[in-house]
Amino acid sequence: MDQGEMRSLHYAALMHDAGQIFVPDEILSKPSKLTGEEYQLIKEHPTKGAKIFEPTKYLKPAIPIILHHHENYNGSGYPNKLAGSVYL
């Protein structure tokens, strides 16, 4: 990775869960299993986090990482159910 890519990865690592500010604390700290509705709120945090940083020019390269940090190679992740090397 070049220096710019490393910087973007660093920022994304720091900011990846910023969208959780829109999730009530009772849900984030719930000790028991989440309801379907609660899980839907959790699944929105990557999209909301990416939107927070859209206006910030120097964070633009980190936004795809923030948006897709819960995607899984097998397509079972969220928010877009990306599969394979689509997002690599």
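**Entry 1. Terms and source**

I call a residue buried under 20% relative accessible area, exposed over 50%, and partly exposed in between, using a 1.4 Å probe and protein chains only. By that rule Glu38 is buried, with a relative accessible area of 17%.

I am working from a predicted model, in which local features need pLDDT of at least 70 and side-chain atom pairs count only at pLDDT 80 or more, while totals for chains, interfaces and linings use all residues. Residues are numbered from 1 along each chain as its sequence is written, and side-chain values use heavy atoms, with hydrogens and water left out.

**Entry 2. The chain as a whole**

I looked up the secondary structure and found five helices and zero strands. Helices (H or I, at least four residues) and strands (E, at least two) are DSSP runs, numbered from the N terminus. Read from the N terminus on, the elements run α-α-α-α-α.

The C-alpha trace spans about 45 × 30 × 20 Å along its principal axes. Of the 88 residues, 26% count as buried. I noted an accessible surface of about 6000 Å², with 58% of it belonging to carbon and sulfur atoms. Accessible areas come from the Shrake-Rupley method with a 1.4 Å probe, and for residues only the protein chains shown count as cover.

I then looked at contacts, meaning heavy atoms within 4.5 Å. Among the contacts with a separation of 6 or more, 43% are between residues 24 or more positions apart.

I counted a salt bridge where a side-chain nitrogen of Lys or Arg is within 4 Å of a carboxyl oxygen of Asp or Glu. The count comes to two salt bridges.

Which residue forms a salt bridge with Glu38? It is Lys30, with the closest N and O atoms 2.7 Å apart. Glu38 lies in helix H3 (residues 36-43). Lys30 is partly exposed, because its relative accessible area is 26%, whereas Glu38 counts as buried at 17%. Leaving aside residues up to four places away in sequence, Glu38 touches Ile27, Lys30 and Lys33.

The other entry on my list is Glu44 with Lys48, where the closest N and O atoms are 3.3 Å apart. Glu44 is partly exposed at 32% relative accessible area, and Lys48 is partly exposed at 29%. As background, side chains of opposite charge can pair when their charged atoms come close.

**Entry 3. Aromatic pairs**

I paired rings of Phe, Tyr and Trp (its six-membered ring) if their centres lie within 6.5 Å; planes under 30 degrees apart count as stacked, over 60 as edge-to-face and the rest as tilted. The count comes to two aromatic pairs.

Tyr11 and Tyr58 form an edge-to-face pair, 5.8 Å centre to centre with 75 degrees between the planes. Tyr11 lies in helix H1 and Tyr58 in the loop between helix H4 (45-53) and helix H5 (63-68), so the pair ties together parts that are 47 residues apart in sequence. Tyr11 is partly exposed at 24%, and Tyr58 is exposed at 57% relative accessibility.

Tyr39 and Tyr78 also form an edge-to-face pair, 6.2 Å centre to centre with 80 degrees between the planes. This pair links distant parts of the chain, Tyr39 in helix H3 and Tyr78 in the segment after H5, 39 residues apart. Is Tyr78 buried or exposed? Tyr78 counts as buried, because its relative accessibility is 10%. Tyr39 is partly exposed at 39%.

**Entry 4. Nonpolar core**

I took a nonpolar core to be a set of buried Ala, Val, Leu, Ile, Met, Phe, Trp, Tyr and Cys residues joined through side-chain atoms within 4.5 Å. The largest has seven residues: Ala12, Ala50, Phe53, Leu59, Ala62, Ile63 and Ile66. H4 and H5 are the elements that give two or more residues to this core. In soluble globular proteins, nonpolar side chains tend to be buried together.

I followed Ile66 further. Not counting residues up to four places away in sequence, Ile66 touches Ala12, Met15, His16, Pro46, Gly49, Ala50 and Phe53.

Pro64 lies in helix H5 and is partly exposed at 44%.

**Entry 5. Surface patch**

Patches are made of residues with over 30% relative accessible area and no salt bridge; like charges are joined within 9 Å, and nonpolar side chains (Val, Leu, Ile, Met, Phe, Trp, Tyr) within 5 Å. Met1, Met6, Leu9 and Ile65 form a nonpolar patch on the surface, with about 400 Å² of accessible area together. Leu9 sits in helix H1 (residues 3-15) and is partly exposed at 39%.
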